[in-house]
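Have the viewer open while you read.

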Amino acid sequence: MLDAKRARLLEILRDCESLLVGYSGGVDSVFLARLALEVLGRERVLAVTGTSESLPVWMEATARTVAERCGIPWLELRTEELADPRYAANPSDRCYYCKSELWQRLDELARQRGLRTVADGANADDVSDHRPGALAAAEHRVRSPLLEAGLGKTEIRAWSRELGLPTWDQPAAPCLASRIPYGLAVTAERLRQIEAAELALRALGLRDFRVRHHDAVARLEVHPSELSTVARRRAAVAAAVRKAGYARALLDVQGYRRGALNEGLVVLQGSGVRGRGSGNGNFNGVAVGAEMPPTPDPRPLTPAASEIAVLPLPLADALALPDAERARLAGEARARGFRYLALDLEAGAERDG
C-alpha cells in the first residue's frame, strides 16, 4: 500500500509539469518541495514562503535554511491578510481569508514565472479537522499532491527521514493567529506578544506546545511528554510568559492536542461556517457543549479570563492524575460553561516543593 502511494505521488508530480509550492517551512511543504525538485528539476520548481506578522520567525528561518541546504529555489513574498478586516475580526473561517490572500498572490507569481501548477502541503490527515483554508485553495485550483496520493503525516515523516530532511520530526507549527480564540481580534501587537512568549519557552527547552492568548492571560498547551519540563522549570516558564506581557500563566490540564482551537465548532445548514455564541461574549462561530454532565461533589472551579476554569490543585498533584481523570474534570468544566480547564503555574508552588 505504501509503495503504491509513493508511486502515485511521483506520478502526480510529473503530471504537474512545473510547480510553485506554498512553502511554510513545515514538515509537509518541505517534503513536497524536496520531492518536486527531484522529480521536476530546479528549472520547474519554486518554493514560496508567504511572510507576515502571523508567521513565526523561527519558521521563516527554517524555511530559508532548509531550502538553501536542499538546493530548492526559494523566495519570500509579503502577504497582507491583517489589512483585511474580515480576517482581523477572527471569525471561525479566518483561515479562508488568509489563504485567499496567499493563493491570489501565488497565482499571480506562478503566471509571471510560467509555472503551470500551484500546490500546497495538505495531507490525508488534514481532512478530519476544520479547515476553511481548503475552500480558498479549491477556489484558486491549488493542488494537494500529498492528499491526492493518500499520504498521512506519519508516512510523510518517515519518507522525510529517509531523504535526510531535518524537518522530519519537527512539531506542527500553524500560524500565530491560531493561538487567539475565535472572536478576539487578530492584531499585530497580540501576534508579537504570543511570539515573544513562545520564543522564550522554546529557549527553555519546550518544543511541542502552544501559547493560547486570552487577553491578559496566557493558557499554555504543552505536549504530555514535556510536562515534566514545565514542572521542573515552572518559575522560569511563568516568568517568561509574564515578561511577554501577560499578567497570568495557566497550564491547560489536557495539554496540547491537535485541533484544540476548533473544539466546539458547529456547522449549521447554509453557506459558510456559522455557530451560536457561548454566552461569554468572546466567540464568533463557536458553540460550547456540555460534553460530560456535572458529577456529585465536584471539585471547586473558579473562573479566569471568562472562558477558563482554574483547578485549585498543586501542579505536582494535578500532573499525577491519570489522563482519564483529567479528561473527566475538563468535561465537568465544559458542562459548567467553560471551554478550558487549567492550572495556575504560580499557585501552590510551596506545596509542590
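I began with R242, which counts as partly exposed because its relative accessibility is 36% (buried is under 20% relative accessible area, exposed over 50% and partly exposed in between, with a 1.4 Å probe and protein chains only). A note on the source: this is a predicted model, where local features need pLDDT of at least 70 and side-chain atom pairs count only at pLDDT 80 or more, while totals for chains, interfaces and linings use all residues. Residues are numbered from 1 along each chain as its sequence is written, and side-chain values use heavy atoms, with hydrogens and water left out.

Which residue does the side chain of R242 meet in a salt bridge? I found E346, at 2.8 Å from N to O (a salt bridge is a side-chain nitrogen of Lys or Arg within 4 Å of a carboxyl oxygen of Asp or Glu). This pair links distant parts of the chain, 104 residues apart: R242 is in helix α11 (residues 234-243), and E346 is in the loop between β10 (340-344) and α14 (349-352). My helices (H or I, at least four residues) and strands (E, at least two) are DSSP runs, numbered from the N terminus. E346 has 39% relative accessibility, so I logged it as partly exposed too.

As a reminder to myself, side chains of opposite charge can pair when their charged atoms come close.

I looked next at R248 and D344, whose closest N and O atoms are 2.9 Å apart. R248 belongs to strand β7 (residues 248-252) and D344 to strand β10, so to speak two distant parts of the chain, 96 residues apart. Is each end buried or partly exposed? R248 is partly exposed because its relative accessibility is 27%, whereas D344, with a relative accessible area of 16%, is buried. I also noted one network, in which salt bridges that share partners join R212, R219, E221 and D252.

For a local case I picked R34 and E38, with 3.1 Å between the closest N and O atoms. They are 4 residues apart in helix α2 (residues 27-40), so about one helical turn separates them.

**Charges and rings**

R219 came up again: its charged end sits over the ring of Y340, 3.4 Å from the centre. I use that wording if NZ of Lys or CZ of Arg is within 6 Å of the ring centre and within 35 degrees of the ring normal. The charged end of R161 sits over the ring of W168 as well, at 4.3 Å from its centre.

My search of the whole structure gave 2 aromatic pairs (rings of Phe, Tyr and Trp, the last by its six-membered ring, with centres within 6.5 Å; planes under 30 degrees apart are stacked, over 60 edge-to-face and the rest tilted). Y96 and Y97 have ring centres 5.3 Å apart and planes at 80°, so I filed them as edge-to-face. Y97 counts as buried because its relative accessibility is 17%.

**Helix α5**

Both tyrosines are among the buried residues of α5, which also include C98, W103 and L106. The cover over the buried residues of α5 includes β1 (19-22), β2 (45-51), β3 (74-78), α4 (85-88), β4 (117-119) and α6 (133-139). I checked the length of α5 (residues 94-113): 20 residues at 1.5 Å a residue should span 28 Å, and the end C-alpha atoms are 29 Å apart, which agrees (the expected span is 1.5 Å times one less than the number of residues). G114 follows α5 and has a positive phi, near 70°.

S160 lies in helix α8 and is buried, with a relative accessible area of 0%. Leaving out residues up to four places away in sequence, S160 touches V27, F31, L165 and W168 (contact means heavy atoms within 4.5 Å).

P181 sits in the loop between α8 (153-162) and α9 (188-203), and its 3% relative accessible area makes it buried. Its C-alpha is 7.3 Å from that of H214, although 33 residues separate them in sequence.

**Whole chain and confidence**

Of the 353 residues, 53% count as buried. The average pLDDT is 85, with 84% of the residues at 70 or more (pLDDT is the predictor's confidence in each residue, from 0 to 100). Over residues 264-303 pLDDT stays under 50. Where pLDDT is low, the predicted coordinates should not be read in detail.
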